[in-house]
Amino acid sequence: MINLRTTAFAISVSAAAAMFSASAQADIVSSTSTSWQTSATSWNVDVANNNVSSFTAHVGSELINVSAVGIVDTGSGNATVTPGTRDTLFTSITFDPTNNVFTSFSFQGQLAILGDIKVVVDDNFGNVFTFTNVPKNSLFGPFGAAAVAGTGQYINKVTVFTELPENFNSIKDIDFGFYTVAGAVPEPSTWAMMLLGFFGVGFLAYRRKNQGHARLA
């Protein structure tokens with residue numbers, strides 16, 4: 001019975017340590033880097049658009065499907081997205097690459113009034129990155145996200161949005177690329193949980209060894 005309890009304790013502590021360590025890691029993190037954006041990572045809108053809520057663009061040969069909440073206008077090429085001529089507010093835009101090949105995303109733009117911007121990146125963990133206190137009517141960014149190196153994770157879809165009464169005057173300088181960031185060092189609490197798990201396994205082995213010697217005696 002003691003062996004069973006000790007075994008259960010060691011396994012539960014080790015499992016908790018592994019789960020805590022995994023939860024402390026994020027495969028995609030927020031990024032304001034300006035080092036990786038080039039002409040090769042810039043989006044190109046296929047054709048100019050007027051009063052639309054969806055359109056397509058490319059980064060290199062990769063297709064990006066784009067949808068907006070609110071009616072928008074765009075130019076062609078490395079275009080800026082602006083509110084359309086219809087009387088609607090531009091509050092959200094979603095970028096949906098056809099293929100999951102990109103590890104980084106960034107954008108710039110302008111808010112109509114002081115407010116919060118949220119960037120939602122679809123990945124294995126459903127991470128949400130929030131940027132706040134963007135100055136009214138001034139250029140913000142670049143804001144975005146990047147995968148942690150070595151995780152094999154990609155950016156599947158990105159939504160940039162704000163909430164009424166805030167709205168966008170523009171979204172521009174969209175980049176998708178292959179930039180990654182170094183992984184974070186585990187926090188002390190994570191190391192403590194992992195060490196506790198290893199101690200539990202070691203304690204179990206020690207008890208088994210001593211009990212075996214006692215039976216032989």
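Asn51 sits in strand S3 (residues 49–59), where strands (E, at least two residues) and helices (H or I, at least four) are DSSP runs numbered from the N terminus. What makes Asn51 worth a look is its phi near 55°, a positive value in a residue other than glycine. Asp173, in strand S12, also has a positive phi without being glycine, here near 50°. Asp173 counts as partly exposed, at 31% relative accessibility.

A word on what you're looking at: this is a predicted model, in which local features need pLDDT of at least 70, side-chain atom pairs count only at pLDDT 80 or more, and totals for chains, interfaces and linings use all residues. Residues are numbered from 1 along each chain as its sequence is written, and side-chain values use heavy atoms, with hydrogens and water left out.

Now for confidence. The mean pLDDT (the predictor's confidence in each residue, from 0 to 100) of the protein chain is 81, and 72% of its residues reach 70 or more. Among the elements, strand S2 (residues 44–45) has the highest mean at 98, while helix H1 (residues 2–23) has the lowest at 46. Over residues 6–11 pLDDT stays under 50, and the model has seven contacts beyond four places in sequence for them; a contact means heavy atoms within 4.5 Å. Residues 13–24 also stay under 50, with 13 such contacts. Where pLDDT is low, the predicted coordinates should not be read in detail.

On to the overall build. The protein chain has two helices and 13 strands, and buried residues make up 40% of its 217 residues. Of the contacts with a separation of 6 or more, 73% are between residues 24 or more positions apart.

Rings of Phe, Tyr and Trp (its six-membered ring) pair if their centres lie within 6.5 Å; planes under 30 degrees apart count as stacked, over 60 as edge-to-face and the rest as tilted. The structure holds 15 aromatic pairs. One of them joins Phe95 and Phe176 edge-to-face, at 6.3 Å centre to centre with 65° between the planes. This pair links distant parts of the chain, with Phe95 in strand S6 (residues 92–97) and Phe176 in strand S12 (residues 168–177), 81 residues apart. Phe95 is buried at 0% relative accessible area, and Phe176 is buried at 1%. Phe140 and Phe168 form a tilted pair, 6.4 Å centre to centre and 45° between the planes. Phe140 lies in strand S10 (residues 139–148) and Phe168 in strand S12, so this pair ties together parts 28 residues apart in sequence. Phe140 and Phe168 are buried.

Beyond four places in sequence, the contacts of Leu111 include Phe140, Phe168, Val134 and Asn137. Leu111 and Asn137 are 26 residues apart in sequence and 5.7 Å apart in space, C-alpha to C-alpha.

Strand S10 also holds Pro142, which a cis peptide bond joins to Gly141, with omega about 5°. Another cis bond runs from Leu164 to Pro165, with omega near 15°; Pro165 is in the loop between S11 and S12.

Finally, the charges. A salt bridge needs a side-chain nitrogen of Lys or Arg within 4 Å of a carboxyl oxygen of Asp or Glu, and the count comes to one. Lys157 forms a salt bridge with Asp122, the closest N and O atoms being 3.9 Å apart. Lys157 lies in strand S11 (residues 157–161) and Asp122 in strand S8, so the pair ties together parts 35 residues apart in sequence. Lys157 is partly exposed at 30%, as is Asp122 at 33%.

And Asp123? This residue is found in the loop between strand S8 (115–122) and strand S9 (128–134), and its contacts beyond four places in sequence are Ile28, Gln153, Tyr154 and Asn156.

Key. Buried means under 20% relative accessible area, exposed over 50%, partly exposed in between (1.4 Å probe, protein chains only).
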